[in-house]
Amino acid sequence: MRTDLKIIEQWIKPGSHVLDLGCGDGTLLDYLQREKQATGFGLEINQDHITTCIGRGVSVIEQNLDTQGLGNFEDHTFDTVLMTQALQAVRRPDMVLDEMLRAGREGIVTFPNFAYWKLRWYLMRRGRMPESETLPYKWYNTPNIHLCTFKDFEALCYRKGFRILNRTVVDGEHQDRWLSRLWPNMLGQIAIYRITREDS
Amino acid sequence: MPDPLPTDSVGIVTPQTLHFETPITLACNRTLESYDLVIETYGELNADASNAVLICHALSGHHHAAGYHSKDDRKPGWWDSCIGPGKPIDTNRFFVVSLNNLGGCHGSTGPSSTNPETGQPYGPDFPVITVRDWVHSQALLADRLGIECWAAVVGGSLGGMQALQWSLDYPDRLRHAVVIASTPRLSAQNIAFNEVARQAITSDREFHQGRYYEYNTLPRRGLMLARMVGHITYLSDASMGEKFGRELRDQAYKFGYDAEFQVESYLRYQGERFSESFDANTYLLMTKALDYFDPAYEHDNDLAKALRGAHCEFLVLSFSTDWRFTPARSEELVNAMISARCKVSYAEIDAPWGHDAFLIPTPRYTAIFEAYMDRVAREAGV
């Protein structure tokens, strides 16, 4: 399993009720169901992924976050709402985060760091929109319409009153390196945040 | 029947009639002292009876879901596209049971059957049957066949309502419910269309208050109109446009009131054929069963509350152009299931054929159905 998923797995209590936004082929939910006796749903719009989820016994709902939101999930239905590598692709990340922490008690979010030094260097040297292994798109066809840096994300959390319970920074191979821990916003490629509302 | 027979066909099948002597009490508080159910089965029941799948039919359906009755049959059963060796409901793995529901007109006891008390056909004296009654009778059928727990109960449209009702009334007697192109209750518009159909039938002079059998006639005109209006709701604007457009039977307008557009003659033909082969009282009964279906009604109109007793897993599928039971109606059901913490998967299939799309295999529909039923089979150990 991908290292980021292994890190996330540690934050899920056994028997949790989990919602996975953009659950892909259901790898994580399948693992959580088997190893943590978790229950819950994945939301997905990719047709092949939906079929794969259904075949492996992961409950999946075809639902588009951008157009349908999470309004069909009641408040505090889930122990954890997950979103791996999708925050930067939604139309309103701030509203999605609000919704995540309404439907669930905790949220776990992973996203690429646009302040990673290689991206800074790419932009500075070439003066063009950075492309990398984690962001392998042109500016005009990228699904990543709301890229941000770790600092940006934390500023948003502060503004919204979210409490950051954990933060782990990994590289493109999802490895936890000491260098990226030293100076995350410069040296970290992908961050995994565990957040909650301050009052909860 | 095509020659040679396709390898994914169940081939020639023979219906059987099962007689039930124990009285069944219905939702309307009336009792049927005895009754027949006509069924077809495909595939083999395994030793621990874990591989049985029940197929529930829709409004005008019946027990003949797959295969052919004889070599001369032009068309196979109504869901042959999904039932057979290697098809989503794989008869190499599953034992498939398909029945004609009570109140039907294809051999099971219904309005056209003889009322033992009078020696005449029941006609309007046949009790109104509900989805719940059907599921009750299907449970008695399962007892008779030695099936304690269905691997899955599967149905489209009105059939999907039966699958849903199964999950509520017999939660421990099915492991999966597949609810396709269905709804948790009819809307006012749905009921309105049914009422037009009923009015068409009952206002036909040949209807004779439902006793047309005794007058040796049929309310053909009324049933034809009912079918025509129903048929329109099964198709989409786009699929009718594609099939007929504004095409004329002849070259020019005739400035009269005969069937000039192709769509008119198609509807007339379909309606006429249906009116010869389907019983008008059964049509009334089926539309009423549709109207009454509302499992939330007994739970303060809270569908999630109704679903809290369900233990099975669900697959819910809708079709993008279905305006009879729109994707929104399926989503209403799915949301109640989510709220009740049921295990449910949902997909909206892009298909141009309206409500009828559930009968037509498309790559995505087939892939999802196959993936789900494959898991059902694996769980059943086949």
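**Helix packing and chain contact in a predicted model**

Mentor: Helix H4 (residues 220-234) of chain B and helix H6 (residues 262-277) of chain B pack with their axes 8 Å apart, at an angle of about 125 degrees. The model is a predicted one.

Trainee: Why is H4(B) called oblique to H6(B)?

Mentor: The angle is about 125 degrees. Roughly perpendicular covers 65 to 115 degrees, roughly antiparallel needs over 145, and the rest, apart from angles under 35, counts as oblique. That makes H4(B) oblique to H6(B).

Trainee: What is the hand of the crossing of H4(B) and H6(B)?

Mentor: The two helices cross in a right-handed sense.

Trainee: Which residues make the contact of H4(B) and H6(B)?

Mentor: From H4(B) come Arg220(B), Leu223(B), Met224(B), Leu225(B), Arg227(B), Met228(B) and His231(B). From H6(B) come Leu267(B), Gln270(B), Gly271(B), Glu272(B), Phe274(B) and Ser275(B). By class, the contact of H4(B) with H6(B) holds six nonpolar, four polar and three charged residues. Gly counts as polar here.

Trainee: Turning to H3(B) and H7(B), how do you know that they are roughly antiparallel?

Mentor: Helix H3 (residues 188-202) of chain B and helix H7 (residues 280-292) of chain B have axes that cross at roughly 160 degrees and come within 10 Å. Angles over 145 count as roughly antiparallel. H3(B) and H7(B) are therefore roughly antiparallel to each other.

Trainee: Is the crossing of H3(B) and H7(B) left-handed or right-handed?

Mentor: H3(B) passes H7(B) in a left-handed crossing.

Trainee: What makes up the contact of H3(B) with H7(B)?

Mentor: On the H3(B) side are Ile191(B), Asn194(B), Ala197(B), Arg198(B) and Ile201(B). They meet Ala280(B), Tyr283(B), Leu284(B), Thr287(B), Leu290(B) and Asp291(B) of H7(B). The classes are seven nonpolar, two polar and two charged.

Trainee: How do you know that chain B agrees with a compact globule in its radius of gyration?

Mentor: For 382 residues, a compact globule would have a radius of gyration near 21 Å, and chain B has 21 Å, so the value agrees. Along the principal axes, the C-alpha atoms of chain B fill a box of roughly 65 × 50 × 50 Å. Chain B has ten helices and twelve strands.

Trainee: What is the corresponding result for chain A?

Mentor: Chain A has 200 residues, for which a compact globule would have a radius of gyration near 16 Å; the value for chain A is 17 Å, which agrees. The C-alpha box of chain A is roughly 45 × 40 × 30 Å along the principal axes. Its secondary structure comes to nine helices and seven strands.

Trainee: What share of the residues of each chain counts as buried?

Mentor: A residue is buried if 20 or more other C-beta atoms lie within 10 Å of its own. In chain A, 40% of the 200 residues count as buried. In chain B, 51% of the 382 residues do.

Trainee: Where do the chains touch, and how many residues are in the contact?

Mentor: Chain A gives 14 residues and chain B gives 17 residues. On the side of chain A, the elements that give two or more residues are helix H3 (47-56) and strand S3 (60-62) of chain A. H3(A) provides the largest share, five residues. By class, the side of chain A that touches chain B has six nonpolar, six polar and two charged residues.

Definitions and conventions
Residues numbered from 1 in each chain as written. Chains lettered and ligands numbered in written order. Predicted model: local features only at pLDDT ≥ 70, side-chain atom pairs only at ≥ 80, totals over all residues. Axes fitted to C-alpha atoms, helices over the stretch in contact; angles between N-to-C directions. Helix = DSSP H or I, 4+ residues; strand = E, 2+ residues; numbered from the N terminus. Left-handed = near helix turned anticlockwise from the far one by under 90°. Contact = placed C-beta atoms within 7 Å. Rg over C-alpha atoms; globule rule 2.2 N^0.38 Å. Buried ≥ 20, exposed ≤ 12 C-beta atoms within 10 Å, placed from the backbone.
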